Amino acid sequence: MQPRNMSMSGVVDLAAVKAAGEAKAKAEQARAEAARQAGQGGGAGPSAGAVPPSALVIDVDEAGFERDVLQLSAEVPVVLDFWAEWCEPCKQLSPLLERLTVEANGRLVLAKVDVDANQMLMQQFQIQGIPAVFAVVAGQVLPLFQGVAPEQQIRDTLAQLVQVAEERFGIIGIEVDPNAEGAAPAAAVEAEAPAGPYDALLEAAVVALDAGDLGGAVQAYKNVLADDPANTEAKLGLAQAELLARVQHMNPQAVRAAAAENPKDPAAQIAAADLDLVGGHVEDAFGRLVDTVRVTFGEDRDAVRLRLLELFEVIGADDPRVSAARTALARVLF
């Protein structure tokens with residue numbers, strides 16, 4: 001069977017997943033806590049948020065599909081391998097996908113679906129032949145290829161998948177620890193962990209915010225992120241400080257008038273969304289930018305999408321409004 005592209009039309013609708021944002025938030029918090037616990041001493045021992053390499057390849061059935069694929073796809077791209085025991089090409093492709101997934105070191109998870117045992121999933125994905133490979137990112141289905149493809153072609157496809165997940169949805173994958181099989185429970189590690197190495201910098205940033213020194217707060221948070229890019233507290237603080245700095249000298253009446261007069265102007269809508277968020281109108285801000293993504297293209301669309309991702313950081317990924325807006329954004333982009 002030769003590889004071929006597959007249409008996305010009619011594929012099972014995964015946009016309604018409500019817990020995706022929460023799953024990603026928990027993963028980010030675990031990684032940040034693990035980084036704080038490891039400190040600057042070389043990270044001895046497995047981290048609380050890491051997973052073993054064996055967790056990157058999983059078997060999935062219909063009962064666990066929402067948990068194991070939909071929710072997980074907000075944290076890491078999930079590659080779906082539809083296979084069967086009697087399928088000889090599957091026996092060539094599956095080991096290759098497993099090897100490439102492990103090599104990706106947490107930027108992908110491979111979910112294997114036995115079509116004989118999961119006929120409903122096969123029908124929902126409109127599988128016409130196996131092996132068939134899909135991906136799910138932020139609850140959205142992406143058909144990849146069908147049949148056995150050359151290794152380099154598969155590598156390139158997976159690399160593009162990782163890039164799309166990061167650039168369009170801010171999904172960066174999960175941390176992998178080769179020694180995580182024997183890790184102590186997260187709660188136990190947390191109880192024994194000393195104060196994190198960035199506490200003083202984070203406190204300084206809060207003091208600067210309280211004093212109205214937005215520039216000082218931004219720099220303090222950036223100093224933390226320079227050493228610890230996954231630090232959730234610093235990412236949230238930086239997003240908030242930068243938002244306040246942007247709206248500090250705005251004329252609200254002029255900004256809202258410009259947005260009303262120019263509904264397709266990215267700059268006008270971005271400025272109005274910033275004001276919406278500062279004023280506590282979170283859903284209005286998100287909805288405004290999702291609508292603007294819908295009617296813009298190219299660099300304008302990218303600018304609006306990136307600002308929306310920044311505003312997600314301000315609110316925090318555990319907020320259900322962020323999860324809903326991510327789903328709405330995915331619908332517009334795909």
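Phe-65 is buried in this predicted model, its relative accessible area being 7%. Phe-65 also belongs to one aromatic cluster, whose other members are Phe-82, Phe-125 and Phe-134.

**Pair of Phe-65 and Phe-125**

- The rings of Phe-65 and Phe-125 form an edge-to-face pair, with 6.0 Å from centre to centre and 70 degrees between the planes.
- This pair links distant parts of the chain, 60 residues apart, since Phe-65 lies in helix α2 (residues 65-71) while Phe-125 lies in the loop between α4 (119-124) and β4 (132-137).
- Phe-125 counts as buried because its relative accessibility of 2% falls under the 20% cut-off.

**Pair of Phe-82 and Phe-134**

- Phe-82 and Phe-134 likewise form an aromatic pair that is edge-to-face, in which the centres are 5.8 Å apart and the planes make an angle of 80 degrees.
- Phe-82 is part of strand β2 (residues 78-83) and Phe-134 is part of strand β4, so the pair ties together parts of the chain that are 52 residues apart in sequence.
- Phe-82 counts as buried at 0% relative accessibility, and Phe-134 counts as buried at 2%.

**Charge over a ring**

- The charged end of Lys-112 sits over the ring of Trp-83, at 5.4 Å from the centre of that ring.

Terms used: Residues numbered from 1 in each chain as written. Predicted model: local features only at pLDDT ≥ 70, side-chain atom pairs only at ≥ 80, totals over all residues. Heavy atoms only, no water. Phe/Tyr/Trp six-rings, centres within 6.5 Å; stacked < 30°, edge-to-face > 60°. Helix = DSSP H or I, 4+ residues; strand = E, 2+ residues; numbered from the N terminus. Buried < 20%, exposed > 50% of the residue type's maximum accessible area, 1.4 Å probe, protein only. Lys NZ or Arg CZ within 6 Å of the ring centre and 35° of its normal.
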